[in-house]
Amino acid sequence: MTKIYNWGILAPGNIAGKFVSELKGIDCVRVLAVGSRDFNRAKEFATTFDIARYYGSYEELVADPDIDVVYIASPHAFHAEHTKLCLHHKKAVLCEKAFALNTSEVKGMIEAANLEQVFLMEAMMTPHQPSYQEARKIIESGVLGEIKHLHGWFGFNKSPYDLNGRLYNPLLGGGALLDIGLYPLFDVLWFMGQPLDIFAFADRTLSNIDQSVTVSMQFEGGKSASVFASFLSAVGVGTDILCENGALHLRRSSALNQSLEILLPGEPVKTLCWQGNSCGLKMEALEVIRCLDRNQLESSVMSHQSSLQLINLIDSIKVEAGVLLNI
């Protein structure tokens, strides 16, 4: 018989709502409870998504003996605290990106997971998606030759912004680099590995929040990468991988609408598309379930080491760009 995993949602909000909507389509998942610091907000979320139990504190949520996994969707600044709370109560954890504010916090989270012998994974969507897995398979096949340059970007513009809101508030881990820049940076690590040299520039507010950031990286063999992330540029999200014998273009308009273009000289452009059940945030949950079914304490797709490499790169870019918050 297939095990049913009971999930708890820590911190209801926009991304939590999207995640729960997709969880509802997985047969072996039951979204059992939601916890918030605001009881009425927890109740409202529970009513919207037909969740049986709702709590007015995170402590009550993690104390529920029937919960197997907790999905953490609080602001970045609280991820380390909330992850350790869940791990201490022996709850497996899927924690939203950014995993935490800095390398020190991420190391502490991983140490806690190892100490408690409980599963922990960062909810980085991209490596679980079929578009990224197909792109990596093509690169590894050698048909395109070596990667020469990667350019990744993520940007939107919803100005004017509330400077006390999550995106611009230093106390909540605000800034384009930590909120959206980590996506193209992950792509750099996923396809090219660790850079040798980094140059970074940030457009900073008076409170030292990076509202736009540009990063250039150099690698062995003359390879390079560039990344752009911004709260002030409505460019969407994408990654172009330029190789010796062609290129790959990764695009998505949402988690549930993704594509991969394959460009080879002299051949028609081949476009692969994924929508609905074949992709999305649910793929993270399916990886958690796969690992728990096998009694694994971490994922091989989004490993603890992958999270450490990503946050370490982000910390290096903060220093280079003069964004010295939360290091």
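Q: Which residue in β5 is the bridge partner of I72?
A: The partner of I72 in β5 is C95. This is a predicted model, in which local features need pLDDT of at least 70 and side-chain atom pairs count only at pLDDT 80 or more, while totals for chains, interfaces and linings use all residues. Residues are numbered from 1 along each chain as its sequence is written, and side-chain values use heavy atoms, with hydrogens and water left out.

Q: What makes β4 and β5 a pair, and in which sense do they run?
A: Two strands pair if DSSP finds at least two bridges between them. β4 and β5 are joined by four bridges in the parallel sense, so they count as paired under that rule.

Q: How do you know whether C95 is buried or exposed?
A: Buried means under 20% relative accessible area and exposed over 50%, with partly exposed in between (1.4 Å probe, protein chains only). C95 has 0% relative accessibility and therefore counts as buried, whereas C273, with a relative accessible area of 56%, is exposed.

Q: What makes β5 a mostly covered strand?
A: Five of the five residues of β5 are buried. A92, L94 and E96 point one way from the strand, V93 and C95 point the other way, and all are buried. In a regular strand the side chains alternate between the two faces of the sheet.

Q: Which residues does L94 touch beyond four places away in sequence?
A: Contact means heavy atoms within 4.5 Å. L94, which has its place in strand β5 and is buried at a relative accessible area of 0%, touches W7, F19, V70, Y71, I72, M121, E122, A123, E284 and V288 when residues up to four places away in sequence are not counted. L94 and V288 are 194 residues apart in sequence, yet their C-alpha atoms are 7.5 Å apart in space.

Q: Why is α4 described as largely enclosed by the rest of the structure?
A: Helix α4 (residues 79-88) has seven of its 10 residues buried, so it is largely enclosed. The buried residues are H79, A80, H82, T83, L85, C86 and L87, and they pack against β1 (5-10), α3 (58-63), β4 (69-72), β5 (92-96), α5 (103-116) and β6 (120-123). Just after α4, K90 takes a positive phi of about 65°.

Q: What makes β3 and β6 edge strands?
A: Six strands form an open, parallel sheet in the order β3-β2-β1-β4-β5-β6. β3 (53-55) and β6 each pair on one side only, and these are the edge strands. Within this sheet, neighbouring strands are turned by 25° against each other on average, direction ignored.

Q: Why is one side of β8 and of β14 left without a neighbour in the sheet?
A: A second open sheet has eight strands with mixed pairing, in the order β8-β9-β10-β7-β11-β12-β13-β14. β8 (197-204) and β14 (270-275) stand at the edges with a single partner strand each, so one side of each has no neighbour. The twist averages 15° from one strand to the next. β8 runs antiparallel to β9 (residues 210-218), with eight bridges joining the two strands, and D203 has S212 of β9 as its bridge partner.

Q: How is the arrangement of α6 and α7 described, and at what distance and angle do their axes lie?
A: Two packed helices are described by the angle between their axes and the distance between the axes. The axes of α6 (residues 130-141) and α7 come within 11 Å and cross at roughly 35° (axes are lines fitted to C-alpha atoms, for helices over the stretch in contact, with angles from 0 to 180 degrees between N-to-C directions). Y132, A135, R136 and I139 of α6 make the contact with D187, W190 and F191 of α7. By class, this contact has five nonpolar, no polar and two charged residues.

Conventions: Ala, Val, Leu, Ile, Met, Phe, Trp, Tyr, Cys and Pro count as nonpolar, Asp, Glu, Lys and Arg as charged, and the others, Gly among them, as polar.
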